[in-house]
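Here is a short report on one protein chain.

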Amino acid sequence: MKPKEVNQRQFVQSLARGFSVLEKVCRSETPLSLSELAKESDLSIGAIQRLTYTLEKLGLLDRDQRTKRFRAGSRMISLALTITTDLKLIKVAH
């Protein structure tokens with residue numbers, strides 16, 4: 001998903017694709033497989049494999065070794081908690 005009015009020279013397509021994969025995993029009620037992510041993202045299995053590998057190594061995705069499905073990783077959860085904590089602080093400040 002591209003935002004409106006994108007400066008093509010500044011826009012990093014691979015970063016947008018990685019974020020799209022993260023978003024799909026985080027919004028899913030159940031862990032997702034490579035093929036499910038590829039189908040939902042309209043990307044090749046190879047592209048999804050590279051993206052999920054990178055996101056997993058960064059701690060943003062966890063892969064169940066038995067089912068090979070992906071869910072949000074501990075680092076993603078930590079980032080989300082940081083954001084919600086900051087939002088609460090802003091609300092208290094107002």
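The sections below go from the whole chain to single residues.

## Model and confidence

This is a predicted model. The chain averages a pLDDT of 87. Of its residues, 84% score at least 70.

## Fold and surface

The chain has four helices and two strands. Along the sequence they follow the pattern α-α-α-β-β-α.

Of the 94 residues, 24% count as buried. The accessible surface comes to about 7,300 Å². Carbon and sulfur atoms account for 56% of that surface. Take the contacts between residues at least 6 apart in sequence: 36% of them join residues at least 24 apart.

## The nonpolar core

The largest nonpolar core holds 15 residues. Which of them touch the most other members? They are Val21, Val25, Leu37, Ile48, Leu55, Leu61 and Phe70. Helix H1 (13-27), helix H2 (34-41) and helix H3 (45-57) each supply at least two core residues. H3 gives the most, with four.

Leu37 shows how these parts meet. Leaving aside residues up to four places away in sequence, Leu37 touches Val21, Lys24, Val25, Leu32, Ile48, Thr52 and Phe70.

## Threonine 52

Thr52 lies in helix H3. Is this residue buried or exposed? Its relative accessibility is 2%. The cut-off for buried is under 20%, so Thr52 counts as buried.

The contacts of Thr52 include Leu37. Beyond four places in sequence, Thr52 also touches Val21, Leu34, Leu61 and Phe70.

## The buried face of H2

H2 has these buried residues: Leu34, Leu37, Ala38 and Ser41. Seen down the helix axis, they fall within an arc of 100°, so they line one face of H2. The spacing follows a general rule. An α-helix has 3.6 residues a turn, so residues three or four places apart point the same way.

What do the buried residues of H2 pack against? Their partners are H1, H3, strand S1 (61-63) and strand S2 (70-72). After H2 comes Asp42. The phi of Asp42 is positive, near 60°.

Notes:
Residues are numbered from 1 along each chain as its sequence is written. This is a predicted model: local features need pLDDT of at least 70, side-chain atom pairs count only at pLDDT 80 or more; totals for chains, interfaces and linings use all residues. Side-chain values use heavy atoms; hydrogens and water are left out. A nonpolar core is a set of buried Ala, Val, Leu, Ile, Met, Phe, Trp, Tyr and Cys residues joined through side-chain atoms within 4.5 Å. Buried means under 20% relative accessible area, exposed over 50%, partly exposed in between (1.4 Å probe, protein chains only). Contact means heavy atoms within 4.5 Å. The arc is that of the directions from the helix axis to the C-beta atoms. pLDDT is the predictor's confidence in each residue, from 0 to 100. Accessible areas come from the Shrake-Rupley method with a 1.4 Å probe; for residues, only the protein chains shown count as cover.
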